[in-house]
Amino acid sequence: MDLAYICEWEKWPKSTHCPSGPLACTWSCRNLIAFTTDLRSDDQDLTRMIHILDTEHPWDVHSIRSEHSEAITCLEWDQSGSRLLSADADGQIKCWSMADHLANSWESPVGSVVEGDPIVALSWLHNGVKLALHVEKSGASSFGEKFSRVKFSPSLTLFGGKPMEGWIAVTVSGLVTVSLLKPSGQVLTSTESLCRLRGRVALADIAFTGGGNIVVATADGSSASPVQLYKVCVSVVNEKCRIDTELLPSLFMRCTTDLSRRDRLPAITHLKFLARDMSEQVLLCASSQTSSVVECWSLRKEGLPVNNIFQQLSPAGLALAFHDGSVHIVHRLSLQTMAIFYSSAAPRPIDEPALKRPRTTGPAVHFKAMQLSWTSLALVGIDNHGRLSMLRISPSMGHSLDVGLALRHLLFLLEYCMVTGYDWWDILLHVQPGMVQSLVEKLHEEYTRQKAELQQVLSTRILAMKASLCKLSPCTVTRVCDYHAKLFLIAISSTLKSLLRPHVLNTPDKSPGDRLTEICAKITDVDIDKVMINLKTEEFVLDMNTLQALQQLLQWVGDFVLYLLASLPNQGSPLRPGHSFLRDGTSLGMLRELMVVIRIWGLLKPSCLPVYTATSDTQDSMSLLFRLLTKLWICCRDEGPTSEPDEALVDECCLLPSQLLIPSLDWLPVSDGLVSRLQPKQPLRLHFGKAPALPGSSTGLQLDGLIRAPGQPKMDHLRRLHLGAYPTEACKACTRCGCVTMLKSPNKTTAVKQWEQRWIKNCLCGGLWWRMPLSYP
């Protein structure tokens, strides 16, 4: 276990930020972290703040004035990582959701309240989705064997078995409150007592059973009192929420039965289920000023052992933070220590004078809130100075692993993220530059072993995953551009093909797009007009306004083809973006199909055609490019034998710069994120609200085609529009690949709306959107 980075508030001693009493912290499956602090004003009033940040850019923290009147006691992400619950010591619960799908724009339209009754435990209702990882089958070829759906019932179902959304909370006076979100947007809330004899609940936690029930564990804070467990059932009767509770067997901590230790550990300080969907095992901690004891209890019914299915949300280890500043990772069943981290080893700038360093005589810096990532490969901790520390947790848990085994483990988790759609940033923390090539190859190999239907579903996700891996090594960084260009090409191809409509309704099974692919693959003629003759051109008729609105996308296709062909003579240089396309028959075939479509549309509306700057007025640029593209495609298409481009083709491509002006393509800029700069074991010190001046990821910035002159026009990477050197339009950027696009559409055409709807929630690469300042650098 080692430190990756620390992020702290600027000028902490004078800052108005102070950690809340019961500090709360939570980590979503999209690798967004939410935590709380209080903001103290000059007249000592406290404002309860919720801070949300992306682990790749922790300095870009988004702070929300929560409007909670009392300290925030609980924070909980939903299973999609797009909504957040917050609850406070006055009984108020707020449901936060992303406004316009932006990770730094939040609103709270709904919530619930139990007046004056502090919330001690909070959870979203379970949606019934649970995936088991079969580690013993990690060598199997099918993803279906490695990852399988576990039979798990939702907490509450609507008509047709759809899970109903909502949340459940436990209050300090022993009440359980459930709020259900109706499809209409209304909230149904009901509150019941956990048992007839209500008592103080100092600690509580919530878990779910496979049968759709909810288990609540409570303690009054005294180790002399029993830890109570309850079964809670939620139902909807006559449009009202109904809660039924049942008392389960209770327990006393083992340390209280030992007379020598009973008085030394008077208080139960922590109570947690191992995971939200593992109600069979509960962890308890009893503490005093000088010592602590942790116990792991298993719940058994009628003497029958419960089958504990190993699953992803249950970490192999548990993280325990101590007052001396240390963090121990212990095995979740045996509770044996597997790794220890001391926060006193936090990084300090070499030139920092000794006077500035904290005195060791004061209270030790220790974590007040911690949370493991969804793959348990990283741990975030918020300490009593309000600083955020990001720790890597080795998959080997203290044991030495050979490189092959470590690769297999990382590959298994990458495949898991590919199947679930979770973000894989925390896995990248453990990828060394030397592993990148091998991981990309193995990932592709595993992907090609899946069924064709699954490959189609995962086709874009694997490209995004390969792109993020390639950022980590200077040897592979140019391929990042190629993977993003391929994602863009696939998106354009599927969008343009979807605009084609059959001329008559009673057509055969194949769509016009499928027929286009089939005919272009069958007819290898180098003359674009001869290929065009074989198509039913009436299927390609579109509204003139639509064709004009698509011109920027068609221009990109034309420019990209010209760029690739012009770079063919230099194909020996893998440092040029676009290199991998020259031997990729599938992508070249896709470009060839699009050239045919563009040619047909150009007959209907000449102004939608790509614009080329040619040296000759009589030059038919599209015919020339199609002829050369076809020759290159024939060399590497799937059906025929692979061959090297002949000298005549290379010579013709050498002449292209003298016939046409070669465009400078606007590739995605090299990302300013952290993960590619965290490879050395030296941790980084960062400040909230202040972008760091980090050294570039080796040669990444010097590569051909990636150099950006200052003052160069910025690009809307999805609409392919120039925004100018200092954009005046509000823009959003991807948290992962750095792709930039405008928030609002400048075009109202249906086809353009269809294109833009693809990117409403996520970027090309699947990353979340982050609103940018109006005049971004």
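How many aromatic pairs does the count come to in this structure? The count comes to 16 aromatic pairs, where rings of Phe, Tyr and Trp (its six-membered ring) pair if their centres lie within 6.5 Å. By plane angle, pairs under 30 degrees apart count as stacked, those over 60 as edge-to-face, and the rest as tilted. Keep in mind that this is a predicted model, where local features need pLDDT of at least 70, side-chain atom pairs count only at pLDDT 80 or more, and totals for chains, interfaces and linings use all residues. Residues are numbered from 1 along each chain as its sequence is written, and side-chain values use heavy atoms, leaving out hydrogens and water.

**Two pairs to look at**

- Phe560 counts as buried because its relative accessibility is 0%, and buried means under 20% relative accessible area (1.4 Å probe, protein chains only).
- Trp667, at 8%, also counts as buried.
- Trp755 and Trp759 form another edge-to-face pair, 5.5 Å centre to centre and 80° between the planes.
- Trp755 is buried at 2%, and Trp759 is buried at 9%.

**The cluster**

- Phe488, Trp556, Phe560, Tyr563, Phe581, Trp667, Trp755 and Trp759 form one aromatic cluster.

**Charges over rings**

- Arg720 lies over the face of Phe488, 5.4 Å from the ring centre; the rule asks for NZ of Lys or CZ of Arg within 6 Å of the ring centre and within 35 degrees of the ring normal.
- Arg637 lies over the face of Trp633, at 5.2 Å from the ring centre.

Technical notes. Buried < 20%, exposed > 50% of the residue type's maximum accessible area, 1.4 Å probe, protein only.
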